[in-house]
Amino acid sequence: MDAKEFREFGKAAVDFMADYLENIRDNDVLPTVEPGYLLDLVPSEMPEKPESWKEVLEDINRVIKPGLTHWQSPNMHAYYPTATSYPSIVGEMLASGFGIIGFSWICSPACTELEVVVMDWLAKFLKLPAHFQHASEGPGGGVIQGSASEAVLVAVLAAREQTVASYRESHPELSESEVRGRLVAYSSDQSNSCIEKAGVLAAMPIRLLPAGEDFVLRGETLKQAILEDVAAGRIPVICIATLGTTGTCAYDDIETLSAVCEEFKVWLHVDAAYAGGAFALDECSDLRKGLDRVDSLNFNLHKFMLVNFDCSAMWLRDANKVVDSFNVDRIYLKHKHEGQSQIPDFRHWQIPLGRRFRALKVWITFRTLGAEGLRNHVRKHIELAKQFEQLVIKDSRFELVAPRALGLVCFRPKGGNEVTTQLLQRLMDRKKIYMVKAEHAGRQFLRFVVCGMDTKDSDIDYAWTEIESQLTDLQAEQSLMARKAGNVADLTQHFQIHLTNDNATHEKSQ
């Protein structure tokens, strides 16, 4: 493919994507394919000779599109938003065209320095403490990770190495393996699965502490667990708190947790993968309480900031703790500008060596939407969730399970878990909207999240009509089955009475 063909293919691909996104409501949000569908549609080996890009684009429509779950659809209400926008897509395309691997400053100065710029922009936009900015005098700063999972793992590993080093210094009689065998970490039983996975990868148990009835983890619970572990000879390392839990978007009590972590010299990381976007809103300022006392935090731009996956912002109060833990230098990685102020080598801040030019799509998105546009987008999601919440409240057949939080509403049809399961299955079978279940204290419920690239009021009404009509049909079927069961019972009882009378008559005649 030469530049001429690339221009033709690229323009056709942009038209294809624009048409897809513009008309995404025409597609059911869930695909109708069965597992293994694609294996029958493509050859078992790559083509020996080159094929035309037109054939490839046709197969995108024929083979790939039927197997897509349409995450940008306004009828997507599962998990949390996985956002994109036209500026972000262009940024992704440009970054791919440049094709750089920015593991050090010299590999592409613009890659490193633009990331420094946009991470400070974002820290200011979210009103984070100043010590998280590269421009601050301290050792803090921000870095773009691929996902919240990576950010959490970086924090866990760095905290582990810092704890091992400091504990061995104060307890020289213990070997390194003895110290590592006693390490323990903490989080809430409402936290994301990636936190538990980080413990597995770090070879360190993470205790999932019980949240309160309001789904919130507080310092009192953490302190009790730490005291138990210290008494048993274990070594507390890190607590991973959550602002915006997966199930209900609950907010852990950062202020009380930070006080306990400071008392016991435990690293405090905050996973704000979803709710972090609301830090930018004055009306949500309570969410920022205690952030000046945490060691690290992360927020997914691909949830609220209209930047496509993967793009997760992570800030560190003292980046040296991560660099000291991850620094592996080889002669071929060195350059004469190493160690200069304000020019970090981000390879020391992450798990992999190579780095994508993610900052480019962030920069383009922020410039073309502006801070005002980003704030309006977050507020729009909140208002649409309020609209859905009111629809739930007005229908006496449903109940709220938790307070609405940002763009999430947790609700269920009244009755047992079976009714919730049956309703969700009906919705899944119809594929018009997509939601998932969650569970707390044995009670299952539905999560309705405002997602999609351009969700409108009418999309919320459409989703509610689908939900309430399917519950109506389900209740009608259950009522019919109950009547049939009642009729069968009446017939059975009638038959038994006649049988008893016949037997009595027969006995008398004998």
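**Salt bridges**

I count a salt bridge when a side-chain nitrogen of Lys or Arg is within 4 Å of a carboxyl oxygen of Asp or Glu. My model is a predicted one, where local features need pLDDT of at least 70, side-chain atom pairs count only at pLDDT 80 or more, and totals for chains, interfaces and linings use all residues. I number residues from 1 along each chain as its sequence is written, and I use heavy atoms for side-chain values, with hydrogens and water left out.

By that rule I get 33 salt bridges. I started with Arg234, which pairs with Asp229 at 2.7 Å between the closest N and O atoms. Which of these two is buried? For that I take buried as under 20% relative accessible area, exposed as over 50% and partly exposed as in between, with a 1.4 Å probe and protein chains only. Asp229 is the buried one, at 1%, while Arg234 is partly exposed at 38%.

For the elements I take DSSP runs numbered from the N terminus: helices are H or I with at least four residues, strands E with at least two. Asp282 is in the loop between strand E5 (267-271) and strand E6 (296-300), and Lys127 is in the loop between helix H4 (109-125) and strand E1 (141-145), so this bridge ties together parts 155 residues apart in sequence. Asp282 is exposed at 54%; Lys127 is partly exposed at 36%.

Then Asp454 with Lys380, a salt bridge at 3.1 Å, N to O. This one links distant parts of the chain, 74 residues apart: Asp454 sits in the loop between strand E11 (443-449) and helix H14 (457-509), and Lys380 sits in helix H12 (residues 358-394). Both ends come out partly exposed, Asp454 at 36% and Lys380 at 31%.

I also noted a salt-bridge network that links Glu92, Asp310, Arg356, Arg358 and Lys361.

**Aromatic rings**

My pairing rule takes rings of Phe, Tyr and Trp (its six-membered ring) with centres within 6.5 Å; planes under 30 degrees apart are stacked, over 60 edge-to-face, and the rest tilted. Over the whole structure I find eleven aromatic pairs. One of them, Tyr79 with Tyr434, is edge-to-face, with 5.8 Å centre to centre and 85° between the planes. Why does this pair tie together parts that are 355 residues apart in sequence? Because Tyr79 lies in the loop between helix H2 (53-64) and helix H3 (86-98), whereas Tyr434 lies in the loop between helix H13 (417-430) and strand E10 (436-440). I have Tyr79 as partly exposed at 38% and Tyr434 as buried at 10%.

Phe398 and Phe411 have ring centres 5.8 Å apart and planes at 50°, so I logged the pair as tilted. It runs from strand E8 (residues 398-400), with Phe398, to strand E9 (residues 408-413), with Phe411, and so ties together parts 13 residues apart in sequence. Phe398 is buried at 4%, and Phe411 is buried at 0%.

Arg447 lies over the face of Tyr80, at 4.9 Å from the ring centre.

**Surface patch**

For patches I join residues with over 30% relative accessible area and no salt bridge: like charges within 9 Å, nonpolar side chains (Val, Leu, Ile, Met, Phe, Trp, Tyr) within 5 Å. Val14, Val90, Met93, Leu94 and Phe98 make a nonpolar patch with about 450 Å² of accessible area together (Shrake-Rupley, 1.4 Å probe, only the protein chains shown counting as cover for residues). H3 gives the largest share, four residues. Val14 is in helix H1 (residues 3-22) and is partly exposed at 42%.

Ser188 is in strand E2 (residues 183-188) and is buried at 0%. A polar atom of its side chain lies 2.9 Å from the backbone nitrogen of Gln190.

Asp28 is in the loop between H1 and H2, partly exposed at 31%. From Asp28 to Ser458 I get 16 Å, C-alpha to C-alpha, across 430 residues of sequence.

For the chain as a whole I have 14 helices and eleven strands, 510 residues with 48% buried, and a C-alpha trace spanning about 115 × 70 × 50 Å along its principal axes.

Conventions
A charge sits over a ring if NZ of Lys or CZ of Arg is within 6 Å of the ring centre and within 35 degrees of the ring normal. A polar contact is a pair of N or O atoms within 3.5 Å; within protein, one must be able to donate a hydrogen and the other to accept it, and residues adjacent in sequence count only if both atoms are side-chain atoms.
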